[in-house]
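Have a go at each task before reading its solution.

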Amino acid sequence: VAAAEALPERRSLLAAALPFTQALLAQVGRTLARAQAALAWPEGSPPSPPLPPPPCAPLSDADLRTYLGPGGRLLRPHDLRLHVYHGGVEPGLRKVVWRYLLNVFPAGLSGQERLAHLRRKAGEYAALKTLLAARAAPAELALVGAAVRKDVVRTDRGHPYFGGPEEGHPHLAALQALLTTFALGHPRLSYCQGMSDVAAPLLAVLDDEAQAFLCFC
C-alpha cells in the first residue's frame, strides 16, 4: 500500500499509522526473543550469562610485536583492541598504540609507511591551521578563540606537561591551536565545553600537536 500511488488523505493516514506500526513490530520482535529464550532454558532456571574473559596484563612491547607481521604491518587489529580493552596499555607504549586505536593509520601500512604518513599529515595540518585562521572572519576567530581559551586555562596544571606559568606556555598554546583549528574546520560543531579534556591527554602523551589533532579528529 505504501508503495502505491496514494491520495493526499491516504498518505496522511499512512504517515499517522507509521509510528504505531513500527512500535508494534518492535514489540513483536521482543516477544519472540523472550519466547525463544524461554524455550531454550532448562527446567525452572534461566540461562547463565556468559562469563567475561579473564583480565589480562597491560599490553607490552612484546605483546604488540605479536600483532605485527613483516615490515611492521598490523595483522590483527581486532585482537589488539580486545587486548587493550581487557588489559589496558603500558604507559610507555600509549604513544604508539593510541594511534592504532584512533585510526590514524590506513590499514596495511608498514612501519616506514606509517612514519611517512605521519610526516605527510603533519604538513597537511600545518597548512590547514594557517588556511583556516586566515580565512576566518576576525569576529569568528575571536569568538572561537575565547571559547577555547576558557577551557585551556583550566587544564590540570598539576600535571608536569601543563605545569608552570600560563603566559607563553608552549603546551597550552599547542592545545589552544589544535582545538581552535578543529572548531574552525567544523563550523557546525565548533567548540564544545569539555573537548579540551579529551585533547589534553592526547597532547600530553603524544607530545606532538599535529598527531594529537589527528587522534582528536
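## Exercise 1: two helices crossing

α5 and α9 are roughly perpendicular to each other. Keep in mind that this is a predicted model. Your task: work out at what angle helix α5 and helix α9 pack, and how far apart their axes are.

Solution, step by step:

- Start with the helices themselves: α5 covers residues 111-135, and α9 covers residues 209-216.
- Now the geometry. The angle comes out at about 90°, and the axes are 9 Å apart.
- Finally, the label. Angles of 65 to 115 degrees count as roughly perpendicular, and α5 and α9 therefore get that description.

## Exercise 2: who touches whom

Find which residues of α5 meet which residues of α9, then sort the contact by class.

Solution, step by step:

- On the α5 side, pick out Leu118, Lys121, Ala122, Tyr125, Leu128 and Lys129.
- Across from them, α9 brings in Glu209, Ala210, Gln211, Phe213 and Leu214.
- Sorted by class, the contact of α5 with α9 has seven nonpolar, one polar and three charged residues.

## Exercise 3: zoom in on Glu209

Glu209 lies in helix α9.

Solution, step by step:

- Next, check a C-alpha distance: Glu209 and Gln176 are 33 residues apart along the chain, with their C-alpha atoms separated by 10.0 Å.

## Exercise 4: the largest pocket

How much space lies in the largest pocket, and how many residues line it?

Solution, step by step:

- The volume is about 230 Å³.
- The lining has 16 residues, with Leu74, Pro77, Tyr100, Phe105 and Ala107 nearest the pocket's centre.
- Helices α3 (77-87) and α4 (94-101) each supply at least two of the lining residues.
- By class, the lining splits into 10 nonpolar, two polar and four charged residues.

## Exercise 5: the second largest pocket

Which helix gives the most to the lining of the second largest pocket?

Solution, step by step:

- This pocket holds about 200 Å³ of space.
- Its lining includes Asp61, Leu64, Val96, Tyr100, Arg114 and Leu118.
- α2 (61-66), α4 and α5 each supply at least two residues, and α5 gives the most, with four.
- As for domains, at least three lining residues come from each of domain 1 (55-109) and domain 2 (111-216).

How values were computed. Residues are numbered from 1 along each chain as its sequence is written. This is a predicted model: local features need pLDDT of at least 70, side-chain atom pairs count only at pLDDT 80 or more; totals for chains, interfaces and linings use all residues. Side-chain values use heavy atoms; hydrogens and water are left out. Axes are lines fitted to C-alpha atoms, for helices over the stretch in contact, and angles run from 0 to 180 degrees between N-to-C directions. Angles under 35 degrees count as roughly parallel, over 145 as roughly antiparallel, 65 to 115 as roughly perpendicular and the rest as oblique. Contact means heavy atoms within 4.5 Å. Ala, Val, Leu, Ile, Met, Phe, Trp, Tyr, Cys and Pro count as nonpolar, Asp, Glu, Lys and Arg as charged, and the others, Gly among them, as polar. On a 1 Å grid over the protein atoms alone, a cavity is a set of points where a 1.4 Å probe fits but cannot get out, and a pocket is an open set with protein on both sides within 12 Å along at least five of seven lines; lining residues have an atom within 4 Å of a point. Grid points are joined across faces, edges and corners, and a volume is the space filled by probe spheres set on the points. Domain bounds come from an automatic or database domain assignment.
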